[in-house]
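Here are my notes on the model, as numbered points. Please read them with the structure open.

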Amino acid sequence: MPAVSAPTFSDEALMAQVQAGDLDQLTGLFERYHGPLFGFLARLANGDRELAQDLTQNVFVRVLRYRTSYQPGQPFRAWVYQMARHVWADHYQRQRPTADLEEVEKTAAHGRAAQAQRATTDQHQALHEALSLLPAAQREVLVLHRFQGFDYAEIGEQLGCTAGAARVKAHRALDALRKIYLS
């Protein structure tokens, strides 16, 4: 007798059940999205796995807390990544130091040292370092498109712009990455 498998519900159907009060269904969403969200946040956090883990947990806390803001019919994937972007932005705003001229000079010196060190590292690490030197907005667009597989329409929806504008942002970010990587 063949094994009977449990029905697989869409992300949107599971989220609808969570909204209706069946909080156990959040487990299925957690299992589907924990890894991809962790990867997204780890890349934004320049590989800080501990921070990425904490932020990923915060995303799911917010999914639970703000479950009523989810609009039925809206793609859950886009909604949860938007939530992750907000968690990252909130963390970044709390952690952003106030810069003075000495700090800027130290940062510039550190950037030059990092570029010199890249010459002796393997290609993968050099690319990772170059990605970390991009401004957060550019790094985010590249991570969403290249590492998380979002298309330009989905990215545009998250950034509040058109798919064409998202494509331009990604192209500019890629050009900036090339300049850093090849310098």
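1. Tyr33, Tyr70, Phe76 and Trp79 make up one aromatic cluster. Rings of Phe, Tyr and Trp (the six-membered ring of Trp) are paired if their centres lie within 6.5 Å; planes under 30 degrees apart are stacked, over 60 edge-to-face, and the rest tilted. Over the whole structure, the search gives eight aromatic pairs.

2. A word on the basis of these notes. The model is predicted: local features need pLDDT of at least 70, side-chain atom pairs count only at pLDDT 80 or more, and totals for chains, interfaces and linings use all residues. Residues are numbered from 1 along each chain as its sequence is written, and side-chain values use heavy atoms, with hydrogens and water left out.

3. One of the eight aromatic pairs is Phe40 with Tyr81, edge-to-face, at 5.3 Å centre to centre and 65° between the planes. Phe40 belongs to helix α2 and Tyr81 to helix α4, so this pair ties together parts that are 41 residues apart in sequence. Helices here are DSSP runs (H or I, at least four residues), numbered from the N terminus. Phe40 is buried at a relative accessible area of 0%, and Tyr81 is buried at 2%. The classes are: buried under 20% relative accessible area, exposed over 50%, partly exposed in between (1.4 Å probe, protein chains only).

4. Which ring does Tyr81 pair with at 4.6 Å centre to centre? The partner is Phe150, again edge-to-face, with 75° between the planes. Tyr81 sits in helix α4 and Phe150 in the loop between α7 and α8, 69 residues apart, and the pair links these distant parts of the chain. Both Tyr81 and Phe150 are buried.

5. Phe150 also has a charge over its face: Arg77 lies there, at 3.9 Å from the ring centre. The rule for this asks for NZ of Lys or CZ of Arg within 6 Å of the ring centre and within 35 degrees of the ring normal. Glu154 lies in helix α8 (residues 152-159) and Arg77 in helix α4 (residues 76-95), so the pair ties together parts that are 77 residues apart in sequence. Glu154 is partly exposed at 22% relative accessibility, and Arg77 is partly exposed at 23%.

6. A salt bridge is a side-chain nitrogen of Lys or Arg within 4 Å of a carboxyl oxygen of Asp or Glu. The count by this rule is five. Among them is Asp11 with Arg32, at 2.6 Å, N to O. Asp11 is in helix α1 (residues 11-19) and Arg32 in helix α2 (residues 26-44), so that bridge ties together parts that are 21 residues apart in sequence. Buried or partly exposed: where do the two partners fall? Asp11 counts as buried at 15% relative accessibility, whereas Arg32 is partly exposed at 33%.

7. Arg85 and Glu140 form a salt bridge at 2.3 Å, N to O. Arg85 is in helix α4 and Glu140 in helix α7 (residues 136-147), 55 residues apart, and the pair links these distant parts of the chain. Both residues are buried, with Arg85 at 15% relative accessibility. Leaving aside neighbours within four places in sequence, Arg85 is in contact (heavy atoms within 4.5 Å) with Phe40, Glu140, Leu144, Gln158 and Leu159.

8. Ala84 is also in helix α4, and is buried at a relative accessible area of 0%. The C-alpha atoms of Ala84 and Leu55, 29 residues apart along the chain, are separated by 7.8 Å.

9. How do α2 and α7 cross? Their axes come within 10 Å and cross at roughly 145°. Axes are lines fitted to C-alpha atoms, for helices over the stretch in contact, and angles run from 0 to 180 degrees between N-to-C directions. The crossing is right-handed; a crossing is left-handed if the near helix is turned anticlockwise from the far one by less than a right angle, and right-handed if clockwise. On the α2 side, Phe40, Arg43 and Leu44 meet Arg139, Glu140, Val143, Leu144 and Phe147 of α7.

How values were computed:
Helix = DSSP H or I, 4+ residues; strand = E, 2+ residues; numbered from the N terminus.
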